[in-house]
Amino acid sequence: MVENRSLDGAGNNIANPTWGVGPSLYTRLDYGSAYPAGNAYADGIGAPARQSGANVRVISNVLSKQTEVVPEPLGFNDMAAWWLFHVHLDIALGGQGEDSVPIAVPLGDDPFDLAGTGTEEIAFRRSLSTVELGGSTETREIFTFPTAYLDADPIYQRDLAGNLAVRSGSGGLMELQQAANGEDVLPSVAYIQSIKPGSLPDLPPFVATTFAPFPGGVAIQTMLVREHNRIARALDALQPGRKTVVDLPVDPKADPEAYDEALFQLARKILEAELQAITYDEVLPAIGVNIPPYEGYDPDLFPATSLEFAGGPLRLETMLNRFAPRLDADGASIPSGPVDSTAVLQPGGTYPEYLQEGMDPILRGMLVTPARQYDLLLDEGLRSADPEQFFGVAGDLNDLMATHINRGRDRGLPAYDKIRSALGLSPVTRFADITNDTQLQVDLASVYSSVSDIDPIVGMLAEDRVAGSLFGPTALALYEAQFTTVRDADRFWYQHAMEHSPRLRNAMRWVGLEIDDGSGPWVLARTLAGLILDTTSLGGPSDVVHLDEDSSALYVQ
Ligand code: HEM
């Protein structure tokens, strides 16, 4: 009997079937006696941390105002950040409760208080926590919605009703919708409701398969869903003898529902393997995160995402441009120009119009656009745009950096130096222990009276990088710990599955994927470039983007 992953992660760990289920609680690092409960809440149970520290908008103004765009020195285009954006939705995504605690804007702030009223505020709501959902006397712990496994759950949905809504119901396929330009793109909620009335709750008219339809992320997820369908079609086309070997029904008509289910589950397993292989063998090594070789499933390892990771180095927005270019095959901008990544956050944001012009122009733009240097500096369009054009609830001001800093306080994260120590790294006592950049040392000292006051995301972004990596030592240690857990605590991890399932290995080979079966653990030799070539129109002979399977799609083309 073939076992499939559940949609919500339940049963992955046999002895502890609720481990890793989405939604669940973020975990916290172990701070020993410094913070026995693991949090730095002012009252030990839920009041935000560091309230006597500098105002977060002031910190953002001093440390994150970008006046010049510097390309990322490691040569990345926008792909790595948006690939990891999918990973973020897959393993770490909190929500907001009703508790509104706006951030005060300093008097005369440019451009938020040009009238000098001193009454302006940046909207901020506290994270959705056990207090909202569990009673007010508990310590405030924070919810994360996805499963703790890298299992493409944002695409497949975490419950059966949602899953059935986004599946076509035949041949193992997922629903896609045809855009005005003829491309297959992710379906809108309205489209799904029109073909399957009542199948989805009356949600905002966004994309049915994702909560956060930012163009770059939707482009990656579009490729993943197209790839699922490509695999399902290849399985459907297998010779009857091969279908029998990989446990698929031979005749689609004998029991169409069982046929659909069998193809769907096998295509899903292969898609998840591709997602895991590209993340671990291509994206993480490129950003300097090296996870020790796979040694097998560890049933004693608790699968969970840490707040320190989600609240710090996984927030990669400083690499991004707010506006994503859209290019045709000649490399020219399409007539409607770049797309605003924040459009969906704007008042009345709807199923993004940009989908009608297809994903390929966005993917082409991502491949040729240099990422911004990963550092403290954020696109002013995300930090301090013209208030009239800013994103968020109508009339609200937003500063994504101030928000990130404040989120750490809201969630009771200990200061940066405590996180560093909890990870076993050498202690920092002077600003010069964090960075050799003397101007940055001065700027840090102008908003923090001591090294031990620094907010986590600020300290991590300020640290000098480890050679060859995007990150300083603290962020890097968090990446290594988190991604080791994501892999080793997953009973359905693809290398574990491959080892025990000749069926899966055969199916992978027969749908045309390459397998490295050297002496170590099984590896699926899939590249991001291969995925792009198989699921988009990019890379053709006359395309401005030149790609072959072995090229790295993470660097500016
Ligand atoms: C222009 C594109 C983007 C915009 C406008 C954007 C905006 C936001 C906003 C408004 C939040 C909520 C902040 C809070 O209230 O705490 C957020 C959270 C987050 N973003 Fe982005 N983001 C973008 C791209 C990215 C990318 C490319 C990544 C890469 C991985 C990323 C990673 C995250 C993470 C990890 C969180 C926090 C999740 C959690 O702690 O629960 N974002 N983003």
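**Ligand shell and helix packing**

In this predicted model, the ligand is surrounded by 23 residues, of which G94, A310, L316, S341 and R407 are the closest. Two helices, α2 (79–91) and α13 (400–410), each supply at least two residues of this shell, and the greatest share comes from α2, which gives 5 residues. Sorted by class, the shell around the ligand is made up of 13 nonpolar, 6 polar and 4 charged residues.

Helix α13, which contributes to the ligand shell, is also among the elements against which the buried residues of helix α1 pack. Because 6 of the 8 residues of α1 (residues 56–63) are buried, this helix is largely enclosed by the rest of the structure. The buried positions of α1 are V56, R57, I59, S60, N61 and L63. Besides α13, their packing partners are the strands β3 (103–104) and β4 (121–122) together with the helices α12 (380–383), α15 (438–447) and α16 (456–462).

A further helix pair is formed by α7 (residues 215–236) and α20 (residues 528–535), whose axes come within 9 Å and cross at roughly 70°. Since angles of 65 to 115 degrees count as roughly perpendicular, α7 and α20 are therefore described as roughly perpendicular to each other. On the α7 side the contact is made by M223, R226, E227 and R230, and on the α20 side by L531, I532, D534 and T535. By class, this contact of α7 with α20 comprises 3 nonpolar, 1 polar and 4 charged residues.

Note on methods
Residues are numbered from 1 along each chain as its sequence is written. This is a predicted model: local features need pLDDT of at least 70, side-chain atom pairs count only at pLDDT 80 or more; totals for chains, interfaces and linings use all residues. A residue is near a molecule or strand if its C-beta atom, placed from the backbone, lies within 6 Å of it. Helices (H or I, at least four residues) and strands (E, at least two) are DSSP runs, numbered from the N terminus. Ala, Val, Leu, Ile, Met, Phe, Trp, Tyr, Cys and Pro count as nonpolar, Asp, Glu, Lys and Arg as charged, and the others, Gly among them, as polar. A residue is buried if 20 or more other C-beta atoms lie within 10 Å of its own, exposed if 12 or fewer, and partly exposed in between; C-beta atoms are placed from the backbone. Two residues are in contact if their C-beta atoms, placed from the backbone, lie within 7 Å. Axes are lines fitted to C-alpha atoms, for helices over the stretch in contact, and angles run from 0 to 180 degrees between N-to-C directions. Angles under 35 degrees count as roughly parallel, over 145 as roughly antiparallel, 65 to 115 as roughly perpendicular and the rest as oblique.
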